[in-house]
Structure formats: structure tokens, C-alpha cells
Amino acid sequence: MLNFLKQLRVDWPAASERISTEILRSRALAQLTSAHNGGTLTPGVLGSLCLKELVKEQGRAAGYDPNVDNCLVTEDLLSVLAELQEALWHWPKDSYRGLAGAPDADADSCLVIHVVSCEEEFQQQKLDLLWWKLDDKAPLIQKHLVCGPVKVAGTPGTLMTAPEYYEFRHAQVCKASALKYGGNLAQDPAWTEIFGVLSVATIKFEMLSTAPQSQLLLDPADSTISTKGTKSGTFVMYNCARLATLFESYKCSMEKGLYPTFPPVSSLDFSLLHDEGEWLLLFNGVLPFPDLMSQTAVLDHTAPGLHITVHTETMCKFLVQLSMDFSSYYNRVHILGEPRPHLFGHMFARLQLLRAIREVLHTGLAMLGLPPLSHI
């Protein structure tokens with residue numbers, strides 16, 4: 001699973017939880033109730049712990065299921081808890097503020113968000129409380145981001161593991177690229193990284209374009225997911241590469257002496273931008289982006305209650321629409337014109353606008369954990 005997380009560019013610190021498990025096990029054994037009134041325990045089951053008093057504590061009752069009472073403590077449960085504990089302690093110090101911790105960190109300074117399916121949330125609530133019960137350095141603030149069920153379209157009962165789904169989409173990306181660019185690109189080392197990024201973008205946009213709490217229907221037969229459409233991360237990546245190629249072309253021409261160096265932004269005449277497509281990019285892409293970021297990239301963990309919400313679908317749809325607007329404009333307008341001085345003002349004003357579009361795309365992709373492609 002760690003390998004799959006790396007494929008999706010999801011950071012998860014690798015650390016041995018053996019020592020943590022032993023410590024948690026000893027603490028649990030000291031608090032366990034009698035072994036089912038003298039009965040024999042099932043292999044792997046250590047006993048039961050009452051969590052009711054933790055649920056009733058001030059600040060922890062809101063959002064927890066009132067039926068949370070006893071927790072059956074198993075070796076597997078302690079292993080999961082130890083993995084969380086180790087991941088928290090070994091998280092990179094330069095990671096997102098409020099999500100990193102250390103063994104001696106103040107619990108008040110740390111926030112843990114559990115991304116959990118709706119079917120498993122009840123069990124996750126028990127795990128939260130067990131963490132508080134057994135570890136005095138457990139994070140004071142734990143929130144749940146509850147996700148709806150994930151279904152696979154097709155024959156009822158069709159099952160597909162996460163690594164299998166990745167390989168399936170990866171094969172679609174390779175096939176689509178081979179049809180577009182020709183040749184057996186899958187065997188070309190230069191395309192290996194590109195295919196990896198495109199596959200991850202395909203899957204992330206497909207999944208994150210649906211509101212987390214809603215049901216997600218994956219349709220492996222829909223190959224447009226890997227090439228185009230309203231959930232196509234590949235299309236966004238393709239336009240990032242087009243922008244990178246544009247600015248690289250300008251740089252090469254400048255080094256050859258065909259264009260002057262980029263002038264200060266304050267000297268540019270933006271009144272030259274009167275094309276409808278340019279205003280569309282400005283008013284629908286650049287100007288509303290800061291507000292969009294404040295609404296989608298910031299997690300309001302200070303709100304009361306256990307649950308937290310995110311709006312990844314808003315960012316995904318925004319990036320796809322911006323890519324569509326840019327693609328339409330780029331296909332119609334020639335940005336790098338003839339190297340004549342009287343045309344430079346218009347060219348630089350357009351390039352500065354597209355600089356802003358590039359920054360918006362890169363920032364939005366970074367929020368989704370995706371690197372922009374510099375070429376295809």
C-alpha cells in the first residue's frame with residue numbers, strides 16, 4: 001500500500017511501529033476489563049475498554065455517536081494506532097503547519113484529520129478515543145473527513161483494488177498518448193515520468209471532482225476520463241505543458257536576440273488586451289482565484305463538532321474550466337508574433353496575462369498534490 005501511496009504522490013512517513021505497539025499494548029493491558037468474565041478470548045483480542053467517560057468529557061462529546069461505549073481492543077487495532085502515532089511523530093517538520101508533531105510536542109499544537117469512509121466512521125471514532133485513552137501525547141484535536149461510498153460501474157459485484165485501478169488508468173493514458181503521438185511510448189524512458197504524472201492527475205481529478213460526502217462512481221470503461229472531459233486531469237496537465245513550451249520558446253528567441261528581455265510589469269500597457277478571450281481569462285480565472293483558494297484550501301478546524309468538510313470538487317472544476325478557456329484562446333491567438341518593435345507591447349501584455357494563468361494553474365495543482373508538467 002505504501003508503494004501505491006507513492007504512485008499517487010501521497011506523503012506517508014515510513015516508520016516502524018513495533019516499539020509503539022508494545023508501549024500501547026502494555027498501557028491497554030493495564031486498563032482492560034476482565035477477560036469477558038473469565039471466558040477465553042479469541043486469538044488476537046486483548047480485552048475491552050470503556051470509552052463512555054471520554055465521550056462525555058467537555059469538548060469531545062459533539063459529533064461522536066452516542067452508542068460509542070466499549071471498545072474491543074485487538075492486536076490489529078493497536079497496530080493501526082501505532083502506525084498513526086509513528087506517522088505523527090515522524091512527519092516532516094517543514095510539512096503543513098498544524099499537521100506535524102513530535103514525541104515531545106504540545107498536543108494543543110497538533111491537528112489530525114482522519115479521512116474515513118462512511119461505513120468505517122463508527123470504528124474510527126472508537127480509535128480516536130482509544131488514542132486519547134492510551135497516549136497522553138495524543139493530538140487534542142482530531143477531525144473526521146467522511147467520504148461517501150466508492151462504486152465501480154459495470155457488472156454488479158465488480159471489484160477492483162486501488163493498485164489495479166491505477167494500472168488500468170495508466171494503461172489507458174499510455175494507449176491514448178501512443179495514438180496521439182505515435183510509437184511505443186511506454187518503452188521510452190523519457191515518457192515514464194510523464195505517464196506517471198498523467199495517470200495520477202487522471203485518478204485524482206476523477207475522484208476529487210465529486211464532493212467527498214457524495215457517492216463516487218468509477219467507470220473504467222470511460223476512457224475520456226484519461227484524455228478529455230469535465231473530470232480530465234490530463235487536459236489540465238496538457239495545457240500546463242503548452243504554457244511551459246510557450247515561455248521556453250520566448251526564452252530561446254530572446255537569447256537569440258529576436259525579442260528583448262521582459263520589461264517591468266509596471267511599464268506594460270494592459271489596455272492593449274481587448275480580446276474577449278483575454279478578459280475571460282482575467283475575470284473568470286485570475287481575479288476570483290484568491291477567494292477560491294480561501295474557500296477550498298483552508299480547513300476550518302476551529303468549528304465545533306467532529307466533522308470537517310473540504311471542497312476539492314470546486315477546485316477541480318475551476319482548473320478544468322480555466323484550461324478550456326485558455327485552450328480556446330491559445331488556439332485562436334498567436335502570442336509570439338513577428339520580432340518587430342511595434343508588436344512587442346501587445347506581446348508582453350499577453351505574456352504577463354499568461355504568466356498569471358500559469359501561476360493559477362500551478363497553485364491549484366499544488367493544492368491537489370500534483371506537479372505541473374513542463375512538456376509532453
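Modeller: The protein chain exposes about 20100 Å², and carbon and sulfur atoms supply 56% of that area. Keep in mind that this is a predicted model. The chain has 12 helices and six strands. Of its 376 residues, 41% count as buried.

Biologist: Why is the pair Arg 169 and Glu 206 called a salt bridge?

Modeller: Their side chains meet at 2.9 Å, N to O. The cut-off is 4 Å between a side-chain nitrogen of Lys or Arg and a carboxyl oxygen of Asp or Glu, so the pair qualifies.

Biologist: What makes this pair a tie between parts of the chain?

Modeller: Arg 169 lies in helix α6 (residues 162-181) and Glu 206 in helix α7 (residues 189-208). The pair therefore ties together parts that are 37 residues apart in sequence. Both Arg 169 and Glu 206 are buried.

Biologist: How many salt bridges does a search of the whole structure find?

Modeller: Three. Another joins Asp 275 and Arg 332, with the closest N and O atoms 2.9 Å apart. That pair links distant parts of the chain: Asp 275 sits in the loop between α8 (233-255) and α9 (276-286), Arg 332 in helix α11 (residues 312-332), 57 residues apart.

Biologist: Why is Asp 275 called buried?

Modeller: Its relative accessible area is 18%. Buried means under 20%, so Asp 275 counts as buried.

Biologist: What does Glu 278 pair with, and what do they tie together?

Modeller: The side chains of Glu 278 and Arg 350 meet in a salt bridge of 2.9 Å, N to O. Glu 278 is in helix α9 and Arg 350 in helix α12 (residues 341-367), so the pair ties together parts 72 residues apart in sequence. Both Glu 278 and Arg 350 are buried.

Biologist: Now α10. How do you know that its buried residues line one face?

Modeller: In α10 (residues 289-296), Phe 289, Leu 292, Met 293 and Thr 296 are buried. Seen down the helix axis, the buried residues of α10 fall within an arc of 100°, so they line one face. They pack against α9, α11 and α12. The face turned away from the buried side carries the exposed residues Pro 290, Asp 291 and Gln 295.

Biologist: Why is Cys 147 said to be in no disulfide?

Modeller: The nearest cysteine sulfur, that of Cys 118, is 8.7 Å away. The structure as a whole holds zero disulfides.

Biologist: Is Cys 147 buried, exposed or partly exposed?

Modeller: Partly exposed, with a relative accessible area of 22%.

Biologist: Which residues have the most contacts inside the largest nonpolar core?

Modeller: Phe 205, Leu 319, Leu 351 and Leu 354, in a core of 58 residues. The largest share of this core, 11 residues, comes from α12. Leu 319 touches residues including Phe 205, Val 236 and Val 360, not counting residues up to four places away in sequence. Apart from that core lies another, of 28 residues, among them Leu 24, Leu 32, Leu 49 and Val 68.

Note on methods:
Residues are numbered from 1 along each chain as its sequence is written. This is a predicted model: local features need pLDDT of at least 70, side-chain atom pairs count only at pLDDT 80 or more; totals for chains, interfaces and linings use all residues. Side-chain values use heavy atoms; hydrogens and water are left out. Helices (H or I, at least four residues) and strands (E, at least two) are DSSP runs, numbered from the N terminus. Buried means under 20% relative accessible area, exposed over 50%, partly exposed in between (1.4 Å probe, protein chains only). The arc is that of the directions from the helix axis to the C-beta atoms. Contact means heavy atoms within 4.5 Å. A disulfide is a pair of cysteine sulfur atoms within 2.5 Å. Accessible areas come from the Shrake-Rupley method with a 1.4 Å probe; for residues, only the protein chains shown count as cover. A nonpolar core is a set of buried Ala, Val, Leu, Ile, Met, Phe, Trp, Tyr and Cys residues joined through side-chain atoms within 4.5 Å.
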